[in-house]
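I opened this notebook to record what I looked up in one structure. The entries run from the whole chain to single elements.

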Amino acid sequence: MATLPQPGWSPAFARRTQGASGELAAILALAAGTGMISFAGGLPDPRTFPVGVLAELTKRLLAGDAAVSLQYSPTPGLPGLRQAFGDRLAHTEGRRPQPGELMVTSGTIDAIGLLAKALIDAGDVVAVEAPTYLGAIDGFRGFQADIRGIPVDEDGVDVAAFERLCASNAPPKLLYTIPDHQNPTGITMSAERRTALVEVCRKHGVLLVEDVAYRELSFTADRPPTLWSLAPDVVVQAGTTSKTFFPGVRLGWAVGPAEVIAQMVIAKQNSDQCAGAFGQRLLEEYLRGHHLDPQLRASRALYAGRCHLMLAALDEYMPPAITWTRPRGGFFTWLSGPEWLDTTALARRARDAGLAFVPGRPFHPTGGGGNQLRLAYSLADDGQIIEGVRRLGTLIRSTMENR
Ligand SMILES: Cc1ncc(COP(=O)(O)O)c(C=O)c1O
């Protein structure tokens with residue numbers, strides 16, 4: 001049989017997809033490798049999945065609710081789940097979304113894609129934290145955004161640097177930020193920065209996109225206010241149930257100015273049209289049955305224990321030239337080494353030693369991070385955490401000695 005002449009199909013690819021790295025898929029594949037100790041993917045532990053309650057709810061929905069649960073959903077989401085999300089936001093944030101301010105999404109990646117589709121023309125400037133979530137970089141890049149990185153320190157994004165960009169001749173259309181237990185650094189933005197940030201966005205008319213993926217997985221009770229609760233006029237909050245409920249149903253919410261949400265709903269109409277109704281009904285019943293808070297309590301305790309264990313192992317096994325963040329929630333800690341350390345090469349050697357982590361470079365949208373790396377503690381068990389960090393310490397020491 002004749003085959004397609006070289007170079008195959010790639011000349012047919014859209015310009016906007018050329019150079020797309022597929023790094024996120026590669027990371028997830030690495031995390032799934034057998035026999036590896038993986039600190040790579042930011043995956044929730046299946047131990048937190050509420051299998052028993054889901055079995056019961058599934059049976060109930062199929063018996064009495066099939067006409068809705070198995071049907072298409074309205075594009076903004078089923079009214080019952082929107083109400084349940086609104087109730088939860090009123091409870092946790094002290095503000096209830098007004099009509100038209102909230103839609104159901106198929107998770108945060110969906111929300112980012114809808115925002116980009118609704119707002120971004122090729123060449124528009126989008127500001128993100130440097131480093132930030134790889135899925136967001138890919139999402140905005142897919143719409144040919146001109147992505148600019150804003151530095152972060154231990155209090156979150158550098159507001160003065162962001163304001164300089166806003167006042168430049170290439171101001172951003174939006175800033176995407178992860179204020180709570182950030183991916184990849186684990187850093188939480190201080191309350192002062194949050195207040196300053198919303199004021200800068202108001203002053204310059206820049207939309208603030210707040211990703212709260214890890215907010216509910218805080219190890220401590222003191223939580224600064226969300227950006228959305230501070231400034232619902234300039235903030236779109238994108239939430240996901242992937243890290244709290246389970247990711248297999250791909251669900252989340254977007255809440256923000258009604259005008260923006262309406263445009264996102266139009267964008268969803270010609271994306272996947274609606275989030276799956278079955279997952280929406282499951283989640284609604286789960287929330288109404290007050291099952292989420294006990295699940296969150298157990299998840300927080302599990303991840304806090306792993307985080308503390310990883311930090312203790314880092315204290316024990318890392319050479320003095322390595323520093324790392326001390327997260328107060330979420331899934332990640334972020335390591336920095338001397339400028340000459342090449343964490344991409346280190347990741348290859350680690351793989352040979354049965355250890356996976358993600359080197360820092362892909363998280364930086366405009367270069368840098370070659371001496372940094374991300375460790376996820378969410379999926380490894382206690383023994384793997386200690387052994388994995390020990391192996392990493394040994395590898396870094398031998399890299400330093402052989403330099
Ligand atoms: C900051 C952040 N946002 C969003 C997501 C993914 O959300 P979803 O599964 O809802 O698309 C992740 C997962 O890695 C993440 O780290």
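The entries below concern a predicted model.

**Overall form.** I began with the secondary structure and found 14 helices and 14 strands in the protein. I noted that the C-alpha trace spans about 65 × 65 × 55 Å along its principal axes. I then looked up burial: 46% of the 403 residues count as buried. Among contacts with a separation of 6 or more, 75% join residues 24 or more positions apart.

**Sheet.** I traced an open sheet of 4 strands in the order β10-β11-β14-β13, with antiparallel pairing. Its edge strands are β10 (323-324) and β13 (358-359), each of which pairs on one side only. I followed the pairing of β11 (residues 332-336) with β14 (residues 372-376), which is antiparallel and has 5 bridges. In this pair, Thr 333 stands opposite Leu 375 of β14.

**Helix α12.** I checked the length of α12 (residues 292-317): at 1.5 Å a residue its 26 residues should span 38 Å, and the end C-alpha atoms lie 37 Å apart, which agrees. I listed its buried residues as Ser 299, Tyr 303, Arg 306, Cys 307, Met 310, Ala 313 and Leu 314. An α-helix has 3.6 residues a turn, so residues three or four places apart point the same way. Against what do the buried residues of α12 pack? I found that they pack against β10, β11, β14 and α14 (382-401).

**Ligand.** I counted 14 residues around the ligand, the closest being Gly 107, Thr 108, Asn 183, Thr 240 and Ser 242. By class, this shell holds 5 nonpolar, 8 polar and 1 charged residues.

Methods: Residues are numbered from 1 along each chain as its sequence is written. This is a predicted model: local features need pLDDT of at least 70, side-chain atom pairs count only at pLDDT 80 or more; totals for chains, interfaces and linings use all residues. Two strands pair if DSSP finds at least two bridges between them. Helices (H or I, at least four residues) and strands (E, at least two) are DSSP runs, numbered from the N terminus. The expected span of a helix is 1.5 Å times one less than its number of residues. A residue is buried if 20 or more other C-beta atoms lie within 10 Å of its own, exposed if 12 or fewer, and partly exposed in between; C-beta atoms are placed from the backbone. Two residues are in contact if their C-beta atoms, placed from the backbone, lie within 7 Å. A residue is near a molecule or strand if its C-beta atom, placed from the backbone, lies within 6 Å of it. Ala, Val, Leu, Ile, Met, Phe, Trp, Tyr, Cys and Pro count as nonpolar, Asp, Glu, Lys and Arg as charged, and the others, Gly among them, as polar.
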